Amino acid sequence: MTTTLTYQPYAPSPPGDTLIEWLDRTDMSQAELARRTDLTTKHINQVVKGSVGISPEVAVAFERVTDIPARYWTSLDANF
C-alpha cells in the first residue's frame, strides 16, 4: 500500500472570517459592534464581506472591543 501526500499551501483567511467567528462566539451583532467601535454598520459589513481592508484606525477600534491586538487585525489584512 502506497501513501501519496499532496502539497496544500497555506491559504490565509480574510479578516472578515475572523470577525464573524468573534461575533458568533460573543453573540454580538454587526450593528452592536458598529456602535461600540463608532463605525457604520455598512463598514462592518464590508469588512465581513472582504470588500474593504482594515486600516490601522479600524484595527485599533476592533482591539478596544474585541481585546484582539490591533497588530493582529492589520496582519490578517496584510497577509490576505
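User: What makes Tyr72 partly exposed?

Analyst: Tyr72 has a relative accessible area of 39%. Buried means under 20%, exposed means over 50%, and partly exposed is in between (1.4 Å probe, protein chains only), so Tyr72 gets the label partly exposed. Keep in mind that this is a predicted model, where local features need pLDDT of at least 70, side-chain atom pairs count only at pLDDT 80 or more, and totals for chains, interfaces and linings use all residues. Residues are numbered from 1 along each chain as its sequence is written, and side-chain values use heavy atoms, leaving out hydrogens and water.

User: Is Trp73 buried or exposed, and how do you know?

Analyst: Buried, because its relative accessibility is 0%. Phe62 is also at 0%, so Phe62 counts as buried too.

User: How many aromatic pairs turn up in the whole structure?

Analyst: The search finds 2.

User: Why is the pair of Phe62 and Trp73 called edge-to-face?

Analyst: Rings of Phe, Tyr and Trp (its six-membered ring) pair if their centres lie within 6.5 Å; planes under 30 degrees apart are stacked, over 60 edge-to-face, and the rest tilted. Here the centres are 5.2 Å apart and the planes sit at 70°, so edge-to-face it is.

User: What about Tyr72 and Trp73?

Analyst: Their rings are 6.3 Å centre to centre with 75° between the planes, an edge-to-face pair again. Phe62, Tyr72 and Trp73 form one aromatic cluster.

User: Why is Val65 called buried?

Analyst: Its relative accessible area is 17%, so Val65 falls on the buried side.
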